[in-house]
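Here is a friendly walk through the model shown below. Keep the viewer open as you read, and follow along residue by residue.

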Protein chains: 2
Amino acid sequence: MKALTIGTVARQAGVGVETVRFYEREGLIPQPPRRPSGYRQYDDGAVRRIRFIRHAKQLGFSLRQIRELLALRADAQTSCAEVKEQAEAKIAEVEQKIQDLQRIRQALVELTASCAGRGPVSACPILEALEDNTTS
Amino acid sequence: MKALTIGTVARQAGVGVETVRFYEREGLIPQPPRRPSGYRQYDDGAVRRIRFIRHAKQLGFSLRQIRELLALRADAQTSCAEVKEQAEAKIAEVEQKIQDLQRIRQALVELTASCAGRGPVSACPILEALEDNTTS
DNA sequence: CTTGACTCCGTAGTAGGGTACGGAGTGTAG
DNA sequence: CTACACTCCGTACCCTACTACGGAGTCAAG
């Protein structure tokens, strides 16, 4: 594997050069070796790592959570189970969101139905859809 | 219903006092009447409204979108046809969000299904799956 | 050997969504 | 009537996740 410049890595990973440097500053990717000129020298592990970050972000993980995920991986002691746990927590989170959205959807449907003419405009179904759910 | 101070409203809604004032500045909650001293006087509609904002935020709506959602309700008595149109646009928006989340959920479920939950992290199929997925 | 793209770095700015500060006035329980 | 918590306001600051800027040095094609 030949050395890649930051621009190549960025292109292959689908992000901007500045984003790569940003991820490095944030500790999401390791500091790569440098040429005598100071140019960063990457291998394609860096590309895969940035793709990992991108995908995890699309799944709703924050950079902080992604850093934790990557740290898990870096530590050979940790087990696969821990990773799975995180993913399962995420699933629960996402499922809750879906349910709440369905309630909002229902409220909006009711709203438009009452707009159709008949029936009184019932006391705000939109607010009612999400009012409670104590704290969270 | 007796008048509530900003602090009480904040506590009951689960946000900080500054956040209530911020939402007022942003037009997410109406400007309440004031006592002669300038103190804001709320009723519990304000609490419900802020709770609504909190939940909607958790569902990924921006404050701008939430403002629009709330505006729908405010206008519900006046111009039905227009409101209905807006509401229908919002329904589409919500349905899109639900679909996005279902896609995310599916991806996560597949990921965890592939993982037996034991063994070292080095062999974790979840992390491996996140790595590849050419480009996207 | 020139030229033009690429890289270096630090700093600063963006948008969205708050959170904190500080000094002065207000409300209320004891 | 005195504490002490609460409220007022404006301004400034924080975090997240980038994105841009600018001046100087580097690399590789022609």
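## Helices 1 and 2 of chain B

Let's begin with a helix pair in this predicted model. Helix 1 of chain B packs against helix 2 of chain B at an angle of about 100 degrees, and their axes are 8 Å apart. Angles from 65 to 115 degrees count as roughly perpendicular, and therefore helix 1 of chain B and helix 2 of chain B are described as roughly perpendicular to each other.

Which residues make this contact in chain B? From helix 1 of chain B come B:Ile6, B:Gly7, B:Val9 and B:Ala10, and they meet B:Val17, B:Thr19 and B:Val20 of helix 2 of chain B. Sorted by class, the contact of these two helices holds five nonpolar and two polar residues, with no charged ones.

Helix 1 of chain B also contains B:Gln12. Is B:Gln12 buried or partly exposed? It has 16 C-beta neighbours inside 10 Å, so B:Gln12 counts as partly exposed.

Now turn to chain A. Helix 1 of chain A and helix 2 of chain A have axes 8 Å apart and pack at an angle of about 100 degrees, which is why they are roughly perpendicular to each other. On the helix 1 side of chain A, the contact is made by A:Ile6, A:Gly7, A:Val9 and A:Ala10; helix 2 of chain A contributes A:Val17, A:Thr19 and A:Val20. By class, five residues of this contact in chain A are nonpolar, two are polar and none is charged.

## Chain A as a whole

Chain A has six helices and zero strands, so to speak in order from the N terminus, α-α-α-α-α-α. Of the 136 residues in chain A, 25% are buried. Among contacts in chain A with a separation of 6 or more, 50% join residues 24 or more positions apart.

Chain A is divided into domain 1 (1-78) and domain 2 (80-136). Five residues from domain 1 of chain A and five residues from domain 2 of chain A take part in the contact of the two domains. On the domain 1 side of chain A, that contact has three nonpolar and two polar residues, and no charged residues.

## Around DNA strand C

How many residues surround DNA strand C? There are 20, and the closest are A:Thr5, A:Gly7, B:Ser37, B:Ser62 and B:Leu63. At least two residues of the surface near DNA strand C are supplied by each of helix 1 (6-13) of chain A, helix 2 (17-25) of chain B and helix 4 (63-74) of chain B. The residues near DNA strand C comprise seven nonpolar, eight polar and five charged.

## Around DNA strand D

DNA strand D is surrounded by 19 residues. The closest to DNA strand D are A:Ser37, A:Leu63, B:Thr5, B:Gly7 and B:Arg40. Here helix 2 (17-25) of chain A, helix 4 (63-74) of chain A and helix 1 (6-13) of chain B each supply at least two residues of the nearby surface. By class, the surface near DNA strand D has six nonpolar, eight polar and five charged residues.

How values were computed:
Residues numbered from 1 in each chain as written. Chains lettered and ligands numbered in written order. Predicted model: local features only at pLDDT ≥ 70, side-chain atom pairs only at ≥ 80, totals over all residues. Near = placed C-beta within 6 Å. Helix = DSSP H or I, 4+ residues; strand = E, 2+ residues; numbered from the N terminus. Nonpolar A, V, L, I, M, F, W, Y, C, P; charged D, E, K, R; others polar. Axes fitted to C-alpha atoms, helices over the stretch in contact; angles between N-to-C directions. Parallel < 35°, antiparallel > 145°, perpendicular 65-115°, else oblique. Contact = placed C-beta atoms within 7 Å. Domains from an automatic or database assignment. Buried ≥ 20, exposed ≤ 12 C-beta atoms within 10 Å, placed from the backbone.
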